[in-house]
Amino acid sequence: MDKLSIDGGFRLEGQIRISGAKNSALPILAGSLLTAEPVIISNAPHLHDVTTMIELLACLGVGVSLDERMNVEISAHHLNDLCAPYSLVKTMRASFLVLGPMLARYGEAEVSLPGGCAIGSRPVDQHLKGLECMGAEIEVSDGYVRARAPKGLVGNDIYMDVVTVGGTENLMMAATLAKGVTKIHNAACEPEIIDLGEFLRTLGAKVTGHGSPTITIEGVEKLHGGSYRVMPDRVEAGTYLIAAAVTAGKIRLRDVEPDTLGAVLDKLVQAGADIEVGEDWISLDMHGKRPKAVDIETAPYPGFPTDMQAQFMALNVVAEGTSTIHEKIFENRFMHVHEMNRLGANIELHGVSMAVVHGVEKLRAAPVMATDLRASSSLVLAALAAEGTTVIDRIYHIDRGYETIEEKLQQLGAQVRRVS
Ligand code: EPZ
C-alpha cells in the first residue's frame, strides 16, 4: 500500500497549475448518459474517482475513449445495461448520479444504494423524493433502488428538505428530459452545480437559475452532443493555498476561478495571508509569518465548504491563538483530529461536531494514517509544517481527489516521496 513520506519544515514557494474539478467532472460524466450523441469533456482530472465513473459508464455499454490530455469522448448511443452494480457504487458514492439520467432517458434504472461512508451516513432520500415527485415509481429492495417511469418523467415543483449537492444534480439531470417544467426549490448553489447546468445547456437543455436556490428546468424531447471544459478544482486550489500558509510560504496558482473560493480566501486573509487575485490566478504570501487562528463553521455554498474544514484545521493547529471549528454538514468529519494530535497538535473534541484548536508553535513528525480524502490532505499539510519525516499511510484516499500531488508539492520545493 502506497505511503507518502514528507520531510517537513520547509517554506513552500513557487507556482502550480490547478486541475479540473473532481466534483464537477463526476456529475458531468454521468450527465453524458442523457444523450445518444457524442460528448467531449476536457480538463477532467486524472484521478481514481474519475476512472471509476468512466468504468461505470463503460459497464453500462457507453463507448468511452481518452486521449493523452484526459479529453474524454463519450458516446452513450446505446446502453446494454441499466444497472449500476454494488461493486462499483460502493467504491464511490457519486456513482449514484447515473440514476437520474438513466431514468430520464430510458424510463427505468437500477442503481445500488451507496451504503456506508467514512464521513457520515449520507442518505439519498432527497434524490428519491425528487424523482417520485416527477412521477417515478421507486422500490428499494436487496440494497438496490429500482426506479421506473414507463411514460416518462413529468416536471413538478420539488422542495428539498435539506440542501444537497448530489440530490440537486441528480434531479437537474432527470428534469432535462421530463415533460413540462421542473422547479427545484432549496437547491444547492455550489459552483459545481453551475458547471453542471452550463454543461447541460451545451447539450440543449433548458436550465436557468443554477447557482441560486431555485433552479428551473423546462424539459426537452432530447439532448444533443457537445464539448465542455470542466471548471477548475476549488478544493485543490484551497488546499495548496493552505500548504503555503502553514509553511510561511508564497505561492501562485494558475488556472483557478477565484470567485469560487470567496469564503476560503476571506478566512486566509483573516489568518494573515496577503492575497492577490486575477481573472484566473491567485497568489498568497505569508511574508515568512506564522498564521493567526481563525474560527470556522462549515455551511452550504457560499458558506465555508466542508471539503476545506480538515485542511483549515491543519492551519489552525500551527497558528497563533485558539480557534473553534464547527462541522455542520457531515456528522463524522473529524477523523483527522486524532492523527493530528499524534503530530503534537493540541485539539479537543467537544461532541461530534465541534473542535477547539489551541495553536502550537511546532509539530513533530510521527507515523499517521489517512482515513478519507480531505482528512488525508490535511495530514499532508500538517506534515509539511512538522519537523522531521512524517510517513502517511493509506494514501490511496488522496489519489481520489488530488492529481499528481507529490509532483505539485515538489514543484513548490516540498520534500515529498511516494513509498510502498
Ligand atoms: C458532495 O457530496 C461532494 N461530492 C462532497 O465532496 C461534499 O463534501 C458535499 O457535496 C458537500 O459539499 C461530490 O460532489 C461528488 P450532499 P454529496 O448531498 O452530494 C445530507 C469530497 O471530499 N443529505 O450535499 O454526497 C447529507 O447526509 C466530497 O470531495 C440527506 O440528508 O453531499 C449531508 O449531511 C466528500 N439526504 C448533507 O445532506 C440526501 O438525500 C449534504 O450532502 C442527500 C444528502
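The model is predicted, so to speak of local features a pLDDT of at least 70 is needed, side-chain atom pairs count only at pLDDT 80 or more, and totals for chains, interfaces and linings use all residues. Residues are numbered from 1 along each chain as its sequence is written, and side-chain values use heavy atoms, with hydrogens and water left out.

**Around the ligand**

- The shell around the ligand holds 22 residues, and Val165, Gly166, Asp307, Ile329 and Arg374 come nearest (a residue is near if one of its heavy atoms lies within 4 Å).
- By type, the shell has 10 nonpolar, 6 polar and 6 charged residues (Ala, Val, Leu, Ile, Met, Phe, Trp, Tyr, Cys and Pro count as nonpolar, Asp, Glu, Lys and Arg as charged, and the others, Gly among them, as polar).
- Four helices, α1 (22-31), α5 (125-133), α6 (165-175) and α12 (373-385), each supply at least two shell residues, and α5 gives the most, with 3 residues (helices are DSSP runs of H or I, at least four residues, and strands are runs of E, at least two, numbered from the N terminus).

**Polar contacts and cover**

- Isoleucine 329 places a backbone N or O atom 2.6 Å from an oxygen atom of the ligand (a polar contact is a pair of N or O atoms within 3.5 Å).
- For glutamine 126, a backbone N or O atom lies 2.7 Å from a ligand oxygen atom.
- Asparagine 23 uses its side chain instead, with an N or O atom 3.1 Å from an oxygen atom of the ligand.
- Of the 830 Å² of accessible area that the ligand has on its own, the protein covers 84% (Shrake-Rupley method, 1.4 Å probe).

**Helix pairs**

- The axes of α4 (residues 99-106) and α6 come within 7 Å and cross at roughly 15° (axes are lines fitted to C-alpha atoms over the stretch in contact, with angles from 0 to 180 degrees between N-to-C directions).
- The two helices α4 and α6 are therefore roughly parallel (angles under 35 degrees), and their crossing is right-handed (the near helix is turned clockwise from the far one by less than a right angle).
- The axes of α1 and α7 (residues 191-202) come within 9 Å and cross at roughly 30°.
- That makes α1 roughly parallel to α7, and this crossing is right-handed.

**Backbone spots worth a look**

- Most residues other than glycine have a negative phi, and most peptide bonds are trans.
- Tyrosine 301 and proline 302 are joined by a cis peptide bond, with omega about 10°; proline 302 sits in the loop between β18 (296-297) and α10 (309-317).
- Aspartate 142, although not a glycine, has a positive phi of about 55°, and this aspartate 142 lies in the loop between β8 (137-141) and β9 (144-148).

How values were computed
Polar contact = N/O pair within 3.5 Å; in protein donor to acceptor, adjacent residues only side chain to side chain. Parallel < 35°, antiparallel > 145°, perpendicular 65-115°, else oblique.
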